[in-house]
Amino acid sequence: MVEWTGKQFAYQQVADDLRRRIAGGEFAETGRLPSFGDLQKAYGVTVTVARAAINQLKAEGLVVSHQGKGVFLTAGARNSAAQLADPVQTMTELREEVGKLRTEVGELRQRVAALEGN
């Protein structure tokens, strides 16, 4: 259950919680999410709020819906959700990767210079 903060719209809070649950592996890879009715009951929201939360996840590429079938995770949704759920960790990992790449490029430049006799 989401603790309503009043700092975000209800649909954003529901989407944030679903994103966290996706990142945590609560739904099987390419698995089905709860129905709108189940989301309404679980979060105590209207169908409009549940639909808006799913639409936000669709816009992020985490889910797709099939009329009459339900809402399903896309391939790679768990990793994408983890990145969206923790942008600070993602930025830290990116900075580390950039640092490694800079070191490798520096080493390659030195090797090229040595080969060219500079």
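The model is predicted, so local features need pLDDT of at least 70 and side-chain atom pairs count only at pLDDT 80 or more, while totals for chains, interfaces and linings use all residues. Residues are numbered from 1 along each chain as its sequence is written, and side-chain values use heavy atoms, leaving out hydrogens and water.

Start with the salt bridges. A salt bridge here is a side-chain nitrogen of Lys or Arg within 4 Å of a carboxyl oxygen of Asp or Glu. By this rule there are four salt bridges. One of them joins the side chains of Asp16 and Arg19, at 2.6 Å from N to O. These two residues sit three apart in helix 1 (residues 10–23), so about one helical turn separates them. Helices (H or I, at least four residues) and strands (E, at least two) are DSSP runs, numbered from the N terminus.

Now look at Arg19 from its other side. Its side chain also meets Glu60 in a salt bridge, 3.0 Å from N to O. Glu60 lies in the loop between helix 3 (47–59) and strand 1 (63–66), whereas Arg19 is in helix 1, so the pair ties together parts that are 41 residues apart in sequence.

Arg19 is buried, at 5%. Asp16 is partly exposed, at 29%. Glu60 is partly exposed too, at 28%.

Another salt bridge links the side chains of Glu26 and Arg21, at 2.7 Å from N to O. Arg21 is buried, with 16% relative accessibility.

Turn next to the surface. Asp86, Glu93, Glu96, Glu97, Glu104 and Glu107 gather there in a patch of negative charge. Patch residues have over 30% relative accessible area and no salt bridge; like charges are joined within 9 Å, and nonpolar side chains (Val, Leu, Ile, Met, Phe, Trp, Tyr) within 5 Å. Areas come from the Shrake-Rupley method with a 1.4 Å probe, and for residues only the protein chains shown count as cover. Lys and Arg count as positive, Asp and Glu as negative; His and the chain ends are not counted. Each charge is placed at NZ of Lys, CZ of Arg, CG of Asp or CD of Glu. Glu96 is partly exposed, at 49%.

Strand 1 and strand 2 (residues 70–73) pair in the antiparallel sense over four bridges. Two strands pair if DSSP finds at least two bridges between them. Ser65 stands opposite Val71, and His66 stands opposite Gly70. Three residues lie between the strands, and Gly68 takes a positive phi near 85°. Gln67 is in this loop and is exposed, at 85%.

Technical notes. Buried < 20%, exposed > 50% of the residue type's maximum accessible area, 1.4 Å probe, protein only.
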